[in-house]
Amino acid sequence: MQSVRRVAVIGGNRIPFARSNSRYAHASNADMLGAALDGLVARFGLAGQRVGEVVAGAVLKHSRDFNLTREVVLGSRLDPHTPAYDIQQACGTGLEAAILVANKIALGQIEVGIAGGVDTTSDAPLAVNEDMRRTLIQLNSARTLGARLKVAAKLRPLQPFKPEIPRNAEPRTGLSMGDHAAVTALRWNVDRAAQDELALRSHQRLAAAYDKGFFDDLMTPYLGLTRDQNLRPDTSPEKLGSLKPVFGTKGPDAERATMTAGNSSPLTDGASTVLLASEEWAREHSLPVLAWFSWSETAAVDFVHGDEGLLMAPAYAVPRMLARAGLKLQDFDFYEIHEAFASQVLATLAAWESPEFCAERLGLDAPLGSIDRGKLNVNGSSLAAGHPFAATGGRIVATLAKLLDAKGSGRGLISICAAGGQGVTAILER
Ligand SMILES: CC(=O)SCCNC(=O)CCNC(=O)[C@H](O)C(C)(C)COP(=O)(O)OP(=O)(O)OC[C@H]1O[C@@H](n2cnc3c(N)ncnc32)[C@H](O)[C@@H]1OP(=O)(O)O
């Protein structure tokens, strides 16, 4: 096997993210991923080229989209001989796709690849209920009129019309992501003011990045949007402070609920793509390297039987990755911690500062310590940009790579929590 090679992040392209049921209400996952990919192909002159692999995914997708990514590639200007496939690791999908592509490049299996992700909650796959589904399948395979009538007789009036609507909830607990995060917020004493402050900063920083033109070469306008629709440059501590809690509002701790629509990421539609390549490929194509994709780690927590917290897996993944890379938590110029909820970011930082957590859960002699908050999500994150689940990883990789390129040297940490108690993390270097 070939020895490990350096993996270059060449650039990214996404479409502006839209609020659910708004500007992209009539766009499908294929439309949006196609738009993000078309922009990437145009930006890097990839039309007609056979790329080693395209890996992407969607958390919510229709059954017709069994290999959404391949369909999107076939509809793109890439050479149709480009292999492509879907993966799914909830909100970690986009970053995990980048890790898969990076690993193949590192091992010399491919020279260049594209990672991506897309999601829409506006076009969520509604299914008919279980009884109706089975009956329809039987009806379709019944061979004679008599057999069909027999199956059709099983249909009860109105019953067929009760759909199964996908819920943003954990199958094993029935709790939403937000309600899980609310339990963790209490466990780590994350207060409301700190969450609102993080949210405010996210909006201010994203707005400033747009004003500076930071996203000009990372984004393609789509369906009339040129900026993320959720961005509220005019939000204020007063407005954020006036919003009512929406998660953790039931049960004995309802009075202590702190999570609102302002300090939670919104339901969002959007897509992103990232171009990764070997150093040689970048040189041959005269494309500059923004950053190197150097380390990654995933972790999972037992949120069903244990008290680790559904969205706390990055708190475990990052220290493992640091140990392998021989780095300290403070050895970074940028920290990109996905803002699923402000409370999730703050609980993760509190865990790394906690001597008890670091000793008992991570087996460390000393806590990881605190980070320079000025280096955290410097161009905003999901609270302001929105969070189309599988597209968030690509947004973050491209953003961080460009930040490192602009700085000229340094290191950035990516941390993404995901449903199912998983966390996907990575390090980019320049
Ligand atoms: C691993 C992971 O990433 S887990 C995360 C997965 N994602 C999720 O779970 C999504 C969580 N989010 C949600 O479910 C929804 O967005 C909710 C429940 C938080 C909010 O939904 P909605 O109530 O539809 O949100 P909406 O956008 O209407 O906001 C509610 C109100 O807050 C206001 N608001 C929201 N954000 C802000 C802000 N930053 N500043 C000022 N006002 C705001 C809105 O204007 C609206 O006010 P109005 O009622 O006067 O019109």
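**Close-up views of the predicted model**

His-387 is located in the loop that joins helix H13 (382-385) to helix H14 (392-407); helices (H or I, at least four residues) and strands (E, at least two) are DSSP runs numbered from the N terminus. The model is predicted, so that local features need pLDDT of at least 70 and side-chain atom pairs count only at pLDDT 80 or more, whereas totals for chains, interfaces and linings use all residues. Residues are numbered from 1 along each chain as its sequence is written, and side-chain values use heavy atoms, with hydrogens and water left out.

**View 1. Surroundings of His-387.** His-387 counts as buried because its relative accessible area is 4%; buried means under 20% relative accessible area, exposed over 50% and partly exposed in between, with a 1.4 Å probe and protein chains only. Leaving aside neighbours within four places in sequence, His-387 is in contact (heavy atoms within 4.5 Å) with Cys-91, Ser-265, Pro-266, Thr-268, His-338, Ser-382 and Thr-392.

**View 2. Positions listed as "active site" in UniProt.** The unreviewed UniProt entry lists Cys-91, His-387 and Cys-417 under this heading; positions follow the numbering used here, feature names are shortened, and annotations may be inferred rather than shown by experiment. These residues are spread over 327 residues of sequence, yet they cluster in space, with a largest C-alpha distance of 12.0 Å. Cys-91 sits in the loop between strand E4 (84-86) and H3, and its relative accessibility of 12% is why it counts as buried. Beyond its neighbours within four places in sequence, Cys-91 is in contact with Val-59, His-387, Phe-389, Ile-416, Cys-417 and Ala-418.

**View 3. The largest pocket.** This pocket holds about 1,000 Å³ of space. On a 1 Å grid over the protein atoms alone, a pocket is an open set of points with protein on both sides within 12 Å along at least five of seven lines, a cavity is a set of points where a 1.4 Å probe fits but cannot get out, and lining residues have an atom within 4 Å of a point. Grid points are joined across faces, edges and corners, and a volume is the space filled by probe spheres set on the points. The pocket is lined by 45 residues, of which Asn-168, Ser-265, Pro-266, Leu-267 and Phe-389 lie nearest its centre. Cys-91, His-387 and Cys-417 also belong to the lining of the largest pocket.

**View 4. The largest cavity.** Three cavities of 30 Å³ or more are present in the structure, and the largest has a volume of about 50 Å³. Its lining includes Asn-13, Arg-14, Phe-215 and Leu-218. H14 gives the most to this lining, with four residues.

**View 5. The largest nonpolar core.** A nonpolar core is a set of buried Ala, Val, Leu, Ile, Met, Phe, Trp, Tyr and Cys residues joined through side-chain atoms within 4.5 Å. The largest has 45 residues, and those with the most contacts inside it are Leu-95, Leu-276, Phe-293, Ile-414 and Leu-428. Helix H3 (residues 93-106) supplies the largest share of this core, eight residues.

**View 6. Helix H10 (residues 313-325).** The 13 residues of H10 reach 19 Å from first C-alpha to last, close to the 18 Å expected at 1.5 Å a residue, where the expected span is 1.5 Å times one less than the number of residues. Ten of the 13 residues of H10 are buried, including Tyr-316, Met-321 and Leu-322. Gly-326, with a positive phi near 70 degrees, follows H10.
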